[in-house]
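Let us go through the labels one by one. Each is set against its cut-off.

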Amino acid sequence: MPSKKFGPKFVGNFKVVDIVNSAAVRLNIPSSWKINLVFQISLLKKVDIPDKVAMSSAPPIDEDCEFEMSRILDSRWHRGGLQYLVSWKGFGPEDNSWVKAVDVSSSSANIFRSTLQLSGDM
C-alpha cells in the first residue's frame, strides 16, 4: 500500500526471548533490522501458530544481492530527486520501499510513466 495509514499495522511473528520486566519483553528480531529488541507489552499482539508452521523471519540483507521488482506503485520528489515506491516479488506490502530513480531499471520506469499518462495523472 502506498499510504502508511492504510498499510499493515503489525509485521511478522517474532518469538519472545526474554521478559525484561512486567511491562517489556525482548523479541527475536533479525539484526539486519537495526531496531531495539525490547518492546512494551501493550504494543504486541498475541498470535496462535500451529506447531507445524515455522516462524517468519526477514530475509537476510546482502549488499551484493539484487531483488526483483514486482511493480512500481507510486512516485515522488524527495530531497530534489525522483523516487519510486517499489513492490518486490515474493514480499508483502510491508516490504514496499522508496527507491531512487537512478536505481530503477529504465524499462520499469517507462512502463510506470506510460501507465500514468494513460490514466491522466501526469
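Two strands pair if DSSP finds at least two bridges between them. Strands (E, at least two residues) and helices (H or I, at least four) are DSSP runs, numbered from the N terminus. This is a predicted model: local features need pLDDT of at least 70, side-chain atom pairs count only at pLDDT 80 or more, and totals for chains, interfaces and linings use all residues. Residues are numbered from 1 along each chain as its sequence is written, and side-chain values use heavy atoms, with hydrogens and water left out.

Q: What is the strand order in the open sheet of three strands?
A: The order is β4-β5-β6, and the pairing is antiparallel. The edges are β4 (69–78) and β6 (97–100), each of which pairs on one side only. On average, neighbouring strands here are turned by 35° against each other, direction ignored. For that angle, axes are lines fitted to C-alpha atoms (for helices over the stretch in contact), and angles run from 0 to 180 degrees between N-to-C directions.

Q: Why are β4 and β5 called a pair?
A: Pairing takes at least two bridges. β4 and β5 have eight, in the antiparallel sense, so they pair.

Q: What makes β2 a partner of both β1 and β3?
A: Four bridges join β1 (residues 16–21) to β2 (residues 24–27), running antiparallel. Three bridges join β2 to β3 (residues 38–40), again in the antiparallel sense. Ile 19 has Val 25 in β2 as its bridge partner. Ala 24 has Gln 40 in β3. A hairpin of two residues joins β1 to β2.

Q: Which residues is Gln 83 in contact with, leaving aside neighbours within four places in sequence?
A: Contact means heavy atoms within 4.5 Å. The partners of Gln 83 include Asp 74, Arg 76, His 78, Trp 98 and Lys 100.

Q: How do you know that Arg 26 and Asp 18 form a salt bridge?
A: A salt bridge needs a side-chain nitrogen of Lys or Arg within 4 Å of a carboxyl oxygen of Asp or Glu. For Arg 26 and Asp 18, N to O is 3.1 Å. That is within the limit, so the label holds. Arg 26 is at 31% relative accessibility, so it counts as partly exposed. Asp 18 is also partly exposed, because its value is 34%.

Q: How many salt bridges does a search of the whole structure find?
A: Two. Glu 68 and Lys 89 also meet in a salt bridge, at 3.0 Å, N to O. This pair links distant parts of the chain, 21 residues apart: Glu 68 is in the loop between β3 and β4, Lys 89 in the loop between β5 and β6.

Q: Why do Glu 68 and Lys 89 carry the accessibility labels they do?
A: Glu 68 is at 52%, so it counts as exposed. Lys 89 is at 46%, so it counts as partly exposed.

How values were computed. Buried < 20%, exposed > 50% of the residue type's maximum accessible area, 1.4 Å probe, protein only.
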